[in-house]
Amino acid sequence: MMKKIGIKINGRLRQVVVDSKTVLIDLLREGYNLTGAKQSCDRKGQCGACTVIVNGKAVRSCLTKVIDLEGADIMTIEGLGTPDNPHLIQEAFVLAGAIQCGFCTPGMIMTAKALLDANLNPSIENIKQAFRRNLCRCTGYVKIIEAVRLAGRFLRKEISPDEIRPKPDDPKMGVSHPRPSAMIKACGVAEFAADFRIPGALELAVVRSPHAHAVIRGIDTSTAEKMPGVIGVMTAKDIKGTNRLQYIVADRQIICSDKVRLLGDAVAVVAAKTKEQALAAVGAVKVDYEPIPVMNSPEEAMADEAPQIHPDRPNLCYSQPIIKGDADKAFAGSAAVVESSFKTQINHQAPMEPEASVAYLEGDNEDALLVVIGRSINIHLHMAILQKALGWENIRYEEAYSGGQFGIKLEIITEGIAAAAALHFKQPIRYIPSIEESMLITSKRHPFDMKIKLGADANGKLTALAMDIVVDNGAYHSIGNVVLNRALHMLSSSYHIPNINVMGRLVYTNNPWGSAARGAGPPQTHFALECAMDMLAEKLNIDPLEFRLRNSLMPGQGKVTGHVVQQWPFPGLCEAIKPAYEQAKKDAGTHRDGTILRGVGLAAAAFGIAMPGDKAVSAVELGVDDCVTVYAAAADPGEGTDSMLCQLAAQVLELPMTKVRVVTRDTDTTTATGPASGSRITYMVGGATVEALKKLKEVMDEVGSKTYAALAETGKPTRYIGEKRTVEIAPLDPKTGQGPSFESDVHAIQMAEVEVNTETGEVKVIKMTTAVDAGTVINPQNLIGQLEGGMDMGAGYALREEYVAGKSKDWVTFKFPTMKTSFPMDTIIRETPRIRGTLGATGVGEMSMVSTAPAIISAIKDACGVWIQQLPASPQRVKAALAGAR
Amino acid sequence: MIDSEEHQKLVSDLGRQPRFIAGREIYLDWEGFFWDPADWNEEVAKILARESGIEVLTETHWKILRFFREYYSCHGRAPMNRHLKEGAGISLKEIGALFTEGIRLGARRLAGLPNPKSCF
């Protein structure tokens, strides 16, 4: 039934004719191009990213039927304020550092507006209640709560934004200058991939395998091709290049040609005038599959006679030992030895934004430029991979604003299909999958199965470590060996362990394939090592903090690979967290009886940054407007890369913040500077940028002016390239695992305080505290923001989250963190300038979650006496462990 | 433990392998591209050219190689073919014919430009 409705949107009267199904988000986004309201949860009302205000109340526009809105007064984020004239709430979110990726931000701000309109001074509980349906993956919610409270102060006129906003001429280092991109995100005008509108663009839907392992015997597209609105159906044969997305091993196809290897593999692609038409036609594509045995685990895949998943590679596709000293002899002479085993789960990185991509051709001849707008954190590599896979050289890759990342955007996902379809159909393409499809088709965090043995002498000094690590790589290699190697490089964490005997093995299965995921490897192995550290401390009757301090690596000693370190500020962190630790132990001591028990747990992390052989390149240019622009493909899906680069530029050149800017998102204008992964951007790309800036500064000093005119007049170049390369380049020895390791390390020790309900098995995190040393701090708010987001993510990894293919379909089944599960966090910062750091700084983004899970698991043990050796520590697992202990 | 042949295959897929060229250790990637363009010099280019079947690098070859080097030193990335055509002033067909392994694996590789890097 169609009906004409009169409504007011952002103060303007509108007449719309709608059917009974149309929801407000679609009217806003598709009808009026008001794309500030975001779609994440497949219109299930789970995420709040689409929140707008209707008649003064915050509503989820994905659940709101337009037909019911006659006479309604609707305000969207676009109606609240603009970057030139923002609302005080938008100012508060920017200044509080509550905006990282920015995808949830418009919904958050609209919820805040409705709350503050009703209550100018809400309590934290009021805020948590109002925001119970707004999800955020980046911030851990702490800074969002702070932003709402700050907005209240602004609105109550207790303080103004100008009083707290850093001035452009304020010191550049150690000051939380607002992120350059924050305000456009706060105002909902930053364009994410699904926000791009191209007239006449075709919509895609993909035929995906319902089998985890099957031969494709035939595909019949004839019926689908005749369906309404369908422009065509493409299969692997329509791709002119290699059809292979090669990171290391060319084993993943854009569209499968002969075999599927996991649930959700792409088999055919339907292009239609509308998304609904494309989805309808997907069901009409007939695929003849011949199912073959599915390898559900590394054990099955390594069994004799197990079918080989890839024809040219064994299922056990990579192994790397670490052999140092004589571990067997050291164990034999140890005063105490513990042995245990630990398992981690497959997990989804869970960025809120669906994996959307857009592609189109500029020009219509054989030299046409293929423009791909996607979610890459390595645009130059992804362009090169697509050139080969598609057989099309002339490509420009643009990175849209990305709604979270956490490793998932190291992989080409929808871009390959969108770009292939643009070439095949010669029409613009939008491929906007649902969140359910996005979860199904993306890489995941590798599950690790670990056996560990750790020994110490009578003085409580570690003697030896042995581990057997089996990594389920899933169906495709991606960077599996890199993830395993990263885990091995960082295996001894903060400690000196003189004797090592470790084997790491990587195995193909038919499970979701593993790839980058915040920390990528070390969070898994730190779980095993840090728990073993506590087990050993208990056996030796030494306090866990003292035990960690006693075993700290020292400058001049070697890490697990033999790499000798020059700096190791970990002992200072142990001292720094000690007062909080002592207090937490006292507090927990008063909750040792009854059903709810409190415990305290510690875990450390030494996270390596800048692998041997890493190199970054960056360009800086003085423009005719006397502003300096940094050009480098340093993706910023939320970490604050734009802040970092701008503050470095302003610092080195002694310019106000208003005179610097960054260009990072386009292959035609940026340097190819490597991925925004491995926490390498500040250390590597920042370092390369500083080198370029110093060259420019030298010339400015020589000329005695910072103006373009002065440089041009004296014939001096205005553009400079800087590079940063690691001192070491050689890879590990394949037989011993010895060799150079990461050039820099970020150090931390985290403390978890938890309550365990011994009846239900539920665990509540009371508080997390991190003592961190990431070198010189460039932007404190961004540093703390990374830590808070990481701790929240680590708590989800420890307690709730697990990806089960075919069952994890949305944010509820995934158990996405909410304001309800959030907890207070403290950060203690120490600054030890790094010898080769970027003006003394190193990275921090991944370390923030590496030790969270073991700290929480240790706190559970402290509370109720049981070790949870398999993540997540769900209520069922905790209950079972308690029952077993009884 | 997988056998050493498989291991070596993967290690070479991964990344960098050292080679001694013109008396120096130089790391090349899985396709033979320079890991670091700073390791390039004309002597190394001549040796690699001979390995790919080009006995003598002519002035036209050098013009193309120099364009690649200059473009990279200014932009920090390899030129697209459209930039190469404009910048070198030679048709893509001619460049392809001059380098036996084509524009990318031939000219760009011999000019010492690196592949974009993944995690490694």
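Before anything else, a note on pairing: two strands pair if DSSP finds at least two bridges between them. Helices (H or I, at least four residues) and strands (E, at least two) are themselves DSSP runs, numbered from the N terminus.

Housekeeping next. I'm looking at a predicted model, where local features need pLDDT of at least 70, side-chain atom pairs count only at pLDDT 80 or more, and totals for chains, interfaces and linings use all residues. Residues are numbered from 1 along each chain as its sequence is written, while chains are lettered from A and ligands numbered from 1 in the order in which they are written.

**Entry: strands S22 and S25 of chain A**

I looked up how S22(A) (residues 615-622) connects to S25(A), and found 7 bridges, with the two strands running antiparallel. Across from Ser618(A) I found Gly722(A), which sits in S25(A). For burial I use this rule: a residue is buried if 20 or more other C-beta atoms lie within 10 Å of its own, exposed if 12 or fewer, and partly exposed in between, with C-beta atoms placed from the backbone. Strand S25 (residues 719-725) of chain A has 5 of its 7 residues buried, so the rest of the structure largely encloses it.

**Entry: a three-strand sheet**

I also found an open sheet of 3 strands in chain A, in the order S9-S7-S11 with antiparallel pairing. S9 (259-260) and S11 (286-291) of chain A are at the edges with a single partner strand each, so one side of each has no neighbour in the sheet. Strand S7 (residues 214-220) of chain A is joined to S9(A) by 2 bridges. In that pair, Val215(A) has Lys259(A) of S9(A) as its bridge partner.

**Entry: domains of chain A**

Domain 1 is 1-165, domain 2 is 202-292 + 365-437, domain 3 is 448-611 + 734-885, and domain 4 is 615-725. The centres of domains 3 and 4 of chain A, taken over C-alpha atoms, are 35 Å apart. Where they touch, 20 residues come from domain 3 of chain A and 18 residues from domain 4 of chain A; contact here means that C-beta atoms, placed from the backbone, lie within 7 Å. On the domain 3 side, strand S21 (596-609) and helix H23 (780-799) of chain A each supply at least two residues. I sorted that side into 10 nonpolar, 9 polar and 1 charged. For the classes, Ala, Val, Leu, Ile, Met, Phe, Trp, Tyr, Cys and Pro count as nonpolar, Asp, Glu, Lys and Arg as charged, and the others, Gly among them, as polar.

**Entry: where the chains meet**

How many residues does each chain put into the contact? I get 37 from chain A and 27 from chain B. S22(A) gives the most to chain A's side, with 4 residues. By class, that side of chain A has 21 nonpolar, 12 polar and 4 charged residues.

**Entry: chain B**

I count 6 helices and 2 strands in chain B, running α-β-β-α-α-α-α-α from the N terminus on. Of its 120 residues, 39% count as buried. Then I picked helix H6 (residues 102-110) of chain B, which is mostly covered, with 7 of its 9 residues buried. Among the buried ones are Ile103(B), Gly106(B) and Leu110(B). Their cover includes helices H2 (42-51), H3 (59-75), H4 (81-88) and H5 (92-98) of chain B. After H6(B) comes Gly112(B), with a positive phi near 85 degrees.

**Entry: single residues in chain A**

Asp472(A) is in strand S19 (residues 462-474) of chain A. I put it down as buried, with 26 C-beta neighbours inside 10 Å. Setting aside neighbours within four places in sequence, its contacts include Ser297(A), His446(A) and Gly514(A).

Is Glu305(A) buried or exposed? Glu305(A) is exposed, with 5 other C-beta atoms within 10 Å. Its phi is positive, about 70 degrees, although it is not a glycine. Ala520(A) also has a positive phi, near 40 degrees, but Ala520(A) is buried, with 26 other C-beta atoms within 10 Å.

Pro872(A) lies in the loop between helix H26 (852-864) and helix H27 (875-885) of chain A.

Notes:
Contact = placed C-beta atoms within 7 Å. Domains from an automatic or database assignment.
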